[in-house]
Amino acid sequence: MNGNFRIAAPFINKRQVSGLKNAGADELYCGYVDEEWERRWPSEFHTVNRRGRGASFSNTADFREAVLEAENLDMPVFVTMNGLYTEEQYPWLFNTIDMLSRYRAVSGIILADMGLMLALKKRKYPKKIHISTGAAVFNHNAVDFFSCMGADRVILDRQLDTDELREIISRRRSLTEIEIFVFYTACLFIDGYCSFLHCLDNARPDPLDKKGMICHSYDAGPFHKGCDIIKYAYSSSGFRAHKLQRGFRAEGLKYAEDRYPFGCNLCALFALKDSLPITLKVVERRPERVKCVRNVIRCIRAINSGMEEGAYKKMARQTFKKITGRDCNGDQCYFPQGLC
């Protein structure tokens with residue numbers, strides 16, 4: 001625990017556990033996707049969790065090895081099951097959640113589906129339940145609602161500003177923990193309301209199967225690699241979707257390399273320093289996760305040392321540039337008033 005801040009970091013293998021622990025992370029989280037899920041519901045991003053293949057464990061052996069290492073280092077682990085599900089998928093979900101949760105290091109799951117939450121409560125799931133940002137929580141009433149439903153923590157939406165964050169934290173009537181995003185991956189859209197098909201992320205080169213039905217495609221083919229916005233047009237179905245790539249701001253706007261939406265919350269931390277304990281979620285999925293954690297810790301220590309606000313925000317912007325290689329321009333702010 002770093003003052004009023006706690007750091008949650010992602011991991012996908014055993015090797016990363018000690019590095020994140022040494023960097024200053026307080027807890028870990030991960031996704032899980034196995035062969036049965038891939039075979040029965042072959043889309044990869046938004047169905048089982050919002051992390052997808054490549055950012056999730058894909059077999060029980062690797063998961064077991066990693067969580068036992070986390071257990072040895074006294075690092076709690078939370079597993080993301082934050083998609084929206086059908087009843088057909090519940091047996092897999094229950095079996096998988098039970099299997100993953102039997103490890104002592106696994107402290108609970110992160111979910112967004114109220115149906116799944118109620119089903120787990122009915123089954124007397126014994127561990128913690130965190131509400132994902134995919135549930136789109138925008139006010140203290142929503143926090144209290146999820147608390148009444150049994151949530152132990154609520155992850156707030158990253159479109160809120162610092163005044164809204166402080167209001168939620170101060171006006172909530174429950175003791176439900178609060179978690180917010182702090183660094184790296186960003187999106188222009190609200191997670192809980194986004195209708196972009198991130199599930200266009202599978203390994204099939206042809207988006208249509210033999211019956212003309214939409215299949216999901218993962219790797220960009222040679223004809224559209226390097227595009228900033230990729231458009232798939234399905235003439236047989238009249239379906240059209242857009243895939244976001246680096247540099248995307250909005251359709252029709254000119255690509256600007258320096259405005260790729262890296263997400264950052266470092267400036268806003270100063271405004272939240274006197275709030276009740278908050279968990280900061282690092283969402284980076286690449287090797288930079290350790291670098292991000294170390295720099296977030298550096299900023300927290302500066303706040304705790306009593307650094308003056310102007311000096312702190314200057315340091316925070318320098319930290320952003322150090323990690324991303326780009327100047328802060330305001331578009332990257334998760335919580336915009338942090339810049340003011």
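This is a predicted model: local features need pLDDT of at least 70, side-chain atom pairs count only at pLDDT 80 or more; totals for chains, interfaces and linings use all residues.

Me: What makes Arg173 and Asp144 a salt bridge?

Reply: The term requires a side-chain nitrogen of Lys or Arg within 4 Å of a carboxyl oxygen of Asp or Glu. The closest N and O atoms of Arg173 and Asp144 are 3.7 Å apart, and the pair forms a salt bridge. It links distant parts of the chain, 29 residues apart: Asp144 is in helix 6 (residues 140-148), and Arg173 is in the loop between helix 7 (162-171) and strand 8 (177-184). Helices (H or I, at least four residues) and strands (E, at least two) are DSSP runs, numbered from the N terminus. At 67% relative accessibility, Arg173 counts as exposed.

Me: Why is the salt bridge of Glu27 and Arg6 said to tie parts together?

Reply: The closest N and O atoms of Glu27 and Arg6 are 2.8 Å apart. Glu27 belongs to strand 2 (residues 27-32) and Arg6 to strand 1 (residues 5-10), so the pair ties together parts that are 21 residues apart in sequence. Glu27 counts as buried at 3% relative accessibility, while Arg6, at 22%, counts as partly exposed. Both residues belong to a network of salt bridges that also links Arg153, Glu177, Glu179 and Lys281. The structure holds 14 salt bridges.

Me: What separates Glu36 and Arg40 along helix 2?

Reply: Glu36 and Arg40 are four residues apart in helix 2 (residues 35-40), which means about one helical turn. They form a salt bridge, with the closest N and O atoms 3.1 Å apart. Glu36 is partly exposed at 30% relative accessible area, and Arg40 is partly exposed at 37%.

Me: How do you know that Phe57 and Phe63 are edge-to-face?

Reply: Rings of Phe, Tyr and Trp (its six-membered ring) pair if their centres lie within 6.5 Å; planes under 30 degrees apart count as stacked, over 60 as edge-to-face and the rest as tilted. Phe57 and Phe63 are 5.5 Å centre to centre with 90° between the planes, hence an edge-to-face pair. Phe57 is buried at 2% relative accessibility, and Phe63 is buried at 0%.

Me: What makes the charged end of Lys281 sit over the ring of Tyr29?

Reply: The rule asks for NZ of Lys or CZ of Arg within 6 Å of the ring centre and within 35 degrees of the ring normal. The charged end of Lys281 is 3.7 Å from the centre of the Tyr29 ring and sits over it. Likewise, the charged end of Arg123 sits over the ring of Phe94, 4.3 Å from its centre.

Notes
Residues are numbered from 1 along each chain as its sequence is written. Side-chain values use heavy atoms; hydrogens and water are left out. Buried means under 20% relative accessible area, exposed over 50%, partly exposed in between (1.4 Å probe, protein chains only).
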